Amino acid sequence: MNAMVRLSMLLGCFCMPANAAWLAGAAKADITPAESVPLAGYGGKTRMSQRVDHAIWLKALAVRDDSGATSVLVTADLVGLSDKMIAIIAKNAAEKHHIPRERLILNTSHNHSCPVTEDVLWLYYEFTPEEAAAKDRYTAMVYAKYDEVIVAAIAALAPAELRFDQGLAGVAVNRRRSRGPESRAFGGQVDQDVPVIAVKAGDGLKAIVFGYSCHTTALGGLSINGDYAGFAQLELEKAFPGCVAMFVQNCGGDANPLPRIRGRDVEAVELAGMYGHILAEAVRQVLAGTMTSLSGPLKVAMGETELPLQPGIPLEELKQRLPNLTGMPRREFEHFIRQHETAGGTPDHVRYPVQVWRFGPELTYIALTGETVVDYSLKFKAAQGWNTTWVSGYNNDLLSYVPSLRVLKEGGYEGVTGMFEYGHRGPYTEAVEDLITAKVMELLEKAR
Ligand SMILES: [Zn+2]
């Protein structure tokens with residue numbers, strides 16, 4: 001060994017960050033229903049699906065670094081997952097595939113053109129026995145597909161390079177400004193970043209993971225599709241044959257793709273396709289640029305905080321008002337009364353999980369739970385680095401909207417009035433943002 005080689009080995013050992021030798025595997029599983037099923041995401045009259053615009057999917061990326069630990073990100077063209085679903089999927093992943101909970105991130109695109117699964121947003125719907133049976137058959141298929149896609153991604157593990165960069169797409173609009181004259185005073189905050197992880201193997205792209213902060217609500221008809229995110233994934237997979245394109249919903253709790261069209265179905269689908277095209281083009285431009293190689297290792301941390309709720313409506317008042325209610329408000333009141341009568345009261349807090357994955361100094365990936373508003377994305381990126389931080393929402397249980405202190409104080413749907421729909425007795429207290437921030441900071445430290 002000559003002196004130069006010995007010197008570079010020493011430098012390699014003591015001075016330079018060691019690049020992880022990544023293994024990565026990607027897979028997808030078709031979750032398009034085979035029959036007419038109840039559609040998710042909007043309350044009111046049950047919408048049974050009448051056609052399929054394009055297939056919907058579960059997609060998984062498994063990564064393994066030098067340490068030998070395997071981590072799996074699963075994305076889904078679904079509206080969300082419930083606590084019950086998360087528990088079943090995570091238990092399977094741990095017991096059958098040895099993926100510990102902190103190394104499993106389950107994100108959904110918040111698609112409003114997908115079937116209802118299990119008990120997600122259960123207060124929204126009132127099903128006939130036939131509709132409920134169709135929902136249950138579909139749910140059973142989805143559980144099996146989660147299993148299948150995780151196994152397939154792990155089986156596909158092979159040497160790869162992970163690269164990261166971000167683009168921009170102007171589709172998201174702060175939807176709180178569009179709710180009548182009083183809402184015009186609300187701010188127009190949006191996060192239009194398009195973070196992208198490219199998984200490269202040899203000359204080809206194995207997977208593209210890309211995110212955006214915007215409700216997938218361009219559509220709301222009677223079709224199955226992936227909304228704008230589905231169109232974007234389709235376009236990318238067509239452009240890069242053999243590649244799995246995965247959409248991650250970020251902090252789009254208070255953003256919609258606007259304008260959108262209701263009642264003119266053909267034009268609405270066309271517009272959703274255009275939004276998808278804009279997003280896909282942003283991703284393609286990132287892929288064509290110089291992306292930063294992720295050095296690893298992948299350090300992970302997961303924890304939970306408790307978000308206190310403001311007091312609910314007293315039992316007497318719930319009972320007094322119940323006879324005047326119908327539909328979803330009636331189901332909400334019945335739920336609260338049941339909680340009083342069976343559990344001695346309504347729960348005073350919500351359990352809130354947070355996950356952090358650090359891919360090395362080049363990328364910190366923060367996974368928040370529920371319908372997180374944009375302030376969380378902007379806040380953590382400002383604090384941790386605009387170009388090295390990815391803040392996703394809509395992971396874990398679709399437990400509620402998650403307002404910042406600003407949104408909570410402003411009031412409106414995402415801060416206050418949307419809470420009953422999720423079965424919570426009232427809005428979060430003003431501690432909500434501080435509690436989430438403290439947990440994120442704690443986990444960032446832990447995953448350092
Ligand atoms: Zn939503």
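Trainee: Where does His110 lie?

Mentor: Good place to start, and keep in mind that this is a predicted model. His110 sits in the loop between β5 and α3.

Trainee: What is the phi of His110 like?

Mentor: His110 is not a glycine, yet its phi is positive, about 70°.

Trainee: And is His110 buried or exposed?

Mentor: His110 is buried: 26 other C-beta atoms lie within 10 Å. The cut-off for that label is 20 or more.

Trainee: Thanks! Now Tyr394, what does that one touch?

Mentor: Leaving out residues up to four places away in sequence, Tyr394 touches Gly80, Asn107, Thr108, His110, Gln249 and Glu371. So His110 from your opening question turns up again, as one of the contacts of Tyr394.

Trainee: Which strand is Tyr394 in?

Mentor: Tyr394 belongs to β19, residues 389-395. Tyr394 is buried, with 32 C-beta neighbours inside 10 Å.

Trainee: How far is Tyr394 from Ala201 in space?

Mentor: The two are 29 Å apart, C-alpha to C-alpha, and 193 residues apart in sequence.

Trainee: Let's zoom out. What are the domains?

Mentor: The domain assignment gives domain 1 as 23-293 and domain 2 as 299-446. Taken over C-alpha atoms, their centres are separated by 20 Å.

Trainee: How many residues does each domain bring to the contact?

Mentor: Domain 1 brings 41 residues and domain 2 brings 39.

Trainee: Which elements of domain 1 give two or more residues to that side?

Mentor: Those are α2 (83-97), β5 (104-108), β7 (161-168) and β12 (244-249). β5 gives the most, with 4 residues.

Trainee: And what is that side of domain 1 made of, by class?

Mentor: It has 16 nonpolar, 17 polar and 8 charged residues.

Trainee: Okay, α2 then. What span does it reach?

Mentor: α2 has 15 residues and reaches 20 Å from its first C-alpha to its last, close to the 21 Å expected at 1.5 Å a residue.

Trainee: Which residues of α2 are buried?

Mentor: Met85, Ile86 and Ala93. Seen down the axis of α2, the buried residues fall within an arc of 100°, so they line one face of the helix.

Trainee: What do those buried residues pack against?

Mentor: They pack against β4 (70-76), β5 and α3 (129-155). On the other side of α2, Lys91, Glu95 and Lys96 are exposed.

Trainee: What comes just after α2?

Mentor: His98, with a positive phi of about 60°.

Trainee: Last topic, cis peptides. Which residues does the one at Pro259 join?

Mentor: That cis peptide bond joins Leu258 and Pro259, with omega about 0°. Pro259 lies in the loop between β13 (255-257) and α5 (265-288). A cis peptide bond also joins Gly296 and Pro297, where omega is about -5°.

Trainee: And where does Pro297 lie?

Mentor: In the loop between β14 (292-293) and β15 (299-308).

Terms used: Residues are numbered from 1 along each chain as its sequence is written. This is a predicted model: local features need pLDDT of at least 70, side-chain atom pairs count only at pLDDT 80 or more; totals for chains, interfaces and linings use all residues. Domain bounds come from an automatic or database domain assignment. Two residues are in contact if their C-beta atoms, placed from the backbone, lie within 7 Å. Ala, Val, Leu, Ile, Met, Phe, Trp, Tyr, Cys and Pro count as nonpolar, Asp, Glu, Lys and Arg as charged, and the others, Gly among them, as polar. The expected span of a helix is 1.5 Å times one less than its number of residues. A residue is buried if 20 or more other C-beta atoms lie within 10 Å of its own, exposed if 12 or fewer, and partly exposed in between; C-beta atoms are placed from the backbone. The arc is that of the directions from the helix axis to the C-beta atoms.
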